[in-house]
Amino acid sequence: MPEPAPSSLRPFQHGYYSGGGYTYNAYPEYFPLQLSLVALLNGHRPPRLDQPFRLVEFGCGQGVGLCLQAALHPGASFMGIDLLASHISHGRSLAAAAGLGNVSFREADLIALAGGSSQHDPSPLQPPAPPADGSVDLAICHGVLSWVSREVQQAVWQLSDRKSTR
């Protein structure tokens, strides 16, 4: 009998339930056009969506939303990061089936990715394939911040600051 995956041995990690997959949803509220409107309404200049832009999603789940966004914006680059290997695998499968070359997925613990250490991945990870200037135009984290530990929340803010330096 195969050994259970490490995430199923500890079903809660930093407040994040890792014992099973999350839903297969996409939320238009965090699509680039909606995010641009929110930015404008709050006095910020959003990226131009008619030119190449970069978006990262922390806690990307099954990857459905990112794949839809990648299909809608073929000139942009999308990256999804999630703790669950099953989510990352599903997102990669969706992207491959749709022939999307502008979206990538990475399994990572956000605390480790921010340079801390965690039980899931004790060594700090380098940020995944950063653009030459180390920035992204949009960073999203749908829902995750409301149920994870304070350490994960802080990691998301650190990663967002680090990635959105334009």
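This is a predicted model: local features need pLDDT of at least 70, side-chain atom pairs count only at pLDDT 80 or more; totals for chains, interfaces and linings use all residues.
**Overall layout**

Let us begin with the whole chain. The protein has six helices and six strands, and from the N terminus on these elements follow the order α-β-β-α-β-α-β-α-β-α-β-α. Of its 166 residues, 45% are buried. Among contacts with a separation of 6 or more, 66% are made by residues 24 or more positions apart.

Helix α2 covers residues 32–41, and its buried residues are P32, L35, S36 and A39. Viewed down the axis of α2, these buried residues fall within an arc of 100°, so they line one face of the helix. The cover over them includes β3 (54–58), α3 (64–72), β4 (77–82) and β6 (138–140). What does the face turned away from the buried side of α2 carry? There you will find the exposed residues L33 and L41. Following α2 comes G43, which has a positive phi, near 80°.

**Helix α3, a neighbour in the packing**

In α3, the buried residues are V64, G65, L66, C67, Q69 and A70. They pack against α2 and β3, and also against β4, α4 (85–98), β5 (103–107) and β6. L72 and P32 are 40 residues apart along the chain, and 9.7 Å separates their C-alpha atoms.

Is V156 buried or exposed? V156 counts as buried because its relative accessibility is 2%, where buried means under 20%. Leaving aside residues up to four places away in sequence, V156 touches F58, L110, C141 and L145. One of these, F58, lies in the stretch 54–58 that forms β3. V156 and I111 are 45 residues apart in sequence, and their C-alpha atoms are 7.9 Å apart in space.

The two C-alpha pairs sit side by side here:

| Pair | Separation along the chain | C-alpha to C-alpha distance |
|---|---|---|
| L72 and P32 | 40 residues | 9.7 Å |
| V156 and I111 | 45 residues | 7.9 Å |

**The salt bridge**

Side chains of opposite charge can pair when their charged atoms come close. How many salt bridges does the count come to? The count comes to one salt bridge. In it, the side chains of R48 and D50 meet, with 2.5 Å from N to O. R48 is partly exposed, at 48% relative accessibility, whereas D50 is exposed, with a relative accessible area of 58%.

**The second largest pocket**

Rolling a probe the size of a water molecule over the atoms shows where empty space is left. The second largest pocket has a volume of about 260 Å³. Which residues are the closest to the centre of this pocket? They are Y22, Y27, G59, G61 and H142, out of the 19 residues that line the second largest pocket. By type, the lining of this pocket divides into eight nonpolar, nine polar and two charged residues.

Definitions and conventions: Residues are numbered from 1 along each chain as its sequence is written. Side-chain values use heavy atoms; hydrogens and water are left out. On a 1 Å grid over the protein atoms alone, a cavity is a set of points where a 1.4 Å probe fits but cannot get out, and a pocket is an open set with protein on both sides within 12 Å along at least five of seven lines; lining residues have an atom within 4 Å of a point. Grid points are joined across faces, edges and corners, and a volume is the space filled by probe spheres set on the points. Ala, Val, Leu, Ile, Met, Phe, Trp, Tyr, Cys and Pro count as nonpolar, Asp, Glu, Lys and Arg as charged, and the others, Gly among them, as polar. Buried means under 20% relative accessible area, exposed over 50%, partly exposed in between (1.4 Å probe, protein chains only). Helices (H or I, at least four residues) and strands (E, at least two) are DSSP runs, numbered from the N terminus. The arc is that of the directions from the helix axis to the C-beta atoms. Contact means heavy atoms within 4.5 Å. A salt bridge is a side-chain nitrogen of Lys or Arg within 4 Å of a carboxyl oxygen of Asp or Glu.
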